[in-house]
Amino acid sequence: MKPARLPIFVIRLLTCLLAGLSTLAHAQQTLQQPRIGLVLGGGGARGAAHIGVLQKLQELRVPIDCVAGTSMGGLVAGAFSSGLSPADMQVALRQADWRDMFKDAASHADFTPRLKGFSQSYIQGSEAGVKNGSLQFPSAVLSGQKIKFFIDRLIRADLAPQRVEGQPLPLSLLTTDIVTGQRVAWLSGDLASLMRATMSVPGLMSPINYEGLSLVDGGLVDNVPIAEVRNLCRPDVVIAINVGSPLLKADEIEASPLSVTAQMINLLTEQNVTKSLSLLRPGIDIYIQPDLEGITAGDFERSDEAIALGYAAAARAQEQLQSLAVSAPKYAVWLLHMARSDPPQLTLDAVETAGLDAERARLFAAQLRIKSGAPLDVKSLEEDLLRAYGEGRYSNLAYQLERSDDKNILRLYPTEKPWGPNFLRSGLNFGWGTRDDARYNIRLAYQMTQLNSRGGELLLTGQLGADNLLGANWYQPLEAGRPWFTEATALLGDQSVDLYQAGQAQARIQNEFREINTGLGLNLGRYGVLKSGLLLRSQNASTRIGSDSLLPADRSSNTRAWFALADLDRFNSPYFPTEGWRARLMQTLASDYSKVEGSYSHAVGFGTYVLTGRVAFTQANKGQLPISDAAELGGVNNLSGLAFKQLLGSDMRYLGLRSEKIVSKMPLGLRGDLRVGLSLEGGTMERRYSETQSSGLVHSASIYLGGETPLGPVYLGLAKASDNPARIFLFIGNP
């Protein structure tokens, strides 16, 4: 017997009833606690406004179910998803040293002695690579490694492995594959690396190589990723925050070449933002755009202002946001879910180096204090990585904590400069004073590194201008990674110098020379170098302008000398330090003369004030120094009231004191500052070649505007020395 069938109209009625009950149940659930997706857009420093919105959401007890972010929005989204509270985010941004963070290198004090010499002779940032017969340049102004360190600390990736998929709040980070232009959303992966990747503004910060892709700022393709958050957790309501920079006006574009690039990026992001905003549902989704007029994408030091403006924008949307609030007990449960627990002290089971061959990996690891079997000391690790960066070999140094087979693994990622290993460097200087002829020099150097397994280097140099020079330098460590080295230098050139009497140049001498020096050296860590060796020099002096009677009797000479040198440098900047010291002592023993010369400088900073003192001396213990090797006084910070090398002789004493007020700093990403200074100096010169009609102590005082710029140190000032009229002076470049 067949079972009885229900009439068709009854089946349809029951189907409709069940569907209605399901819809009603979903509606009740949505009414009680809708699923909320948060979208944090990109905008550089303007993205700090996101924190203000989060503060308001916390105040109203609005729980978030998932978050997607791009660029600075990705930074905030990653921190928020890891459980960092808005208040703690604000403190972290406020306490961050953004100017230091936008400089890849450690302090000048932590450069190797050889790299310190390059930074004093050549323009920082002028380095280019010579590879496959063509010039190659860094892909960006910054590698962003200090920013990566900041991110590690922010999300505690320096204490325990942190993965995107392992955070309390579902997260998606947006990036762009710079090779294909494709949008790449990350729902899993190393959290700190991907947060750094989504912040990689092209040209400013280098791309992040991750899982075979070259990743940059996701804002290029999706600056307000609304579609992404919809795919992430199917939210009932989307809260989208747009902090993007407005398009520049015509006069702003003409103000700087970089503004054209900025406008191009703004145009790209504006187009995809318009497309994304069209996905918002009127009356359901909530759109917040803080009024950030006057705050640019680079104003990271104004984070508190941006946060306050973000809070104000959320307050204007309070009525809509209030409808998403939950009860205090329910919000407490959400907060408990988001709460961060302090990870236990982590002991490393292994330390591994990726990206280098076995020998270089061994040498790199040997520089680090961190070892397997020991607790992780993040501060020491970051210091060691920055010191390694001071070798000048790496473009980026990063680390990542991983958990594998119940073992804690610290993986190091040193990236050798892809535009190396051969480099081109350039330098220049220009000096002028009201009683000087203008002097200039343009120099170029070609450095070939890693020429053998022990790290041999060849440096070819050339200079044109007031002093012409051709040179070759061979630098050879006796053993890779060890401090002992041999060095040999050959020089050919000519130098011009003016001889003064009664404050006026009476003759210009040209000294042609050939020199070879070779010796043994010892690098004293990052403090400096000791060297000793043999010097051979032949020279011939002739008069280019003026009377031959001012030339010394011995115009030509052949010198064979032994020298010993101690050169120590702990300044935190090569020319305008705020702290540190520099000392130099050299003994020269030649067949016809001997001399000892030395100097010591010390800088102390007091907030925006810097006090720098310097003492120097030259003493001829035997004979009179040849004019090519004479002591000299005159020029900037060497009795500034005198013309360049106005006093030449064999025995010199000098004492100078500079007091400076820092009045401005270079833009983010550039090292240096602008200062107003006052100098007081005194010096004596005995057994003179110039100004022979006078003797005794020379006083000098000057007031100047100076600073370290992308072209090197710059001085513009007014100085007055004893028995000399006041002079205006200008100097720019590397001495």
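A residue counts as buried when its relative accessible area is under 20%. Keep that cut-off in mind as we walk through this predicted model and look at its charged pairs. Side chains of opposite charge can pair when their charged atoms come close. A search of the whole structure turns up 41 salt bridges, so let's visit a few of them.

Start with Asp110. Its relative accessible area is 18%, and because the cut-off for buried is under 20%, Asp110 counts as buried. The side chain of Asp110 meets that of Arg570 in a salt bridge, at 3.9 Å from N to O. Asp110 sits in the loop between H5 and helix H6 (113-121), while Arg570 sits in the loop between strand E21 (556-569) and strand E22 (580-590), so this pair ties together parts that are 460 residues apart in sequence. Arg570 is buried too, with a relative accessible area of 19%.

Next, find Lys146, whose salt bridge with Asp100 has its closest N and O atoms 3.0 Å apart. Lys146 belongs to helix H7 (residues 145-155) and Asp100 to helix H5 (residues 98-101), so here the pair ties together parts that are 46 residues apart in sequence. Lys146 is buried at 9% relative accessibility, whereas Asp100 is partly exposed at 35%.

Lys56 and Glu59 are both in helix H2 (residues 49-60), three residues apart, or about one turn of the helix. Their salt bridge brings the closest N and O atoms to 2.8 Å. Lys56 is buried, at 4% relative accessible area, but Glu59 is partly exposed, at 46%.

Finally, look for a network: salt bridges link Arg114, Glu457, Glu487 and Lys531.

Key. Residues are numbered from 1 along each chain as its sequence is written. This is a predicted model: local features need pLDDT of at least 70, side-chain atom pairs count only at pLDDT 80 or more; totals for chains, interfaces and linings use all residues. Side-chain values use heavy atoms; hydrogens and water are left out. A salt bridge is a side-chain nitrogen of Lys or Arg within 4 Å of a carboxyl oxygen of Asp or Glu. Helices (H or I, at least four residues) and strands (E, at least two) are DSSP runs, numbered from the N terminus. Buried means under 20% relative accessible area, exposed over 50%, partly exposed in between (1.4 Å probe, protein chains only).
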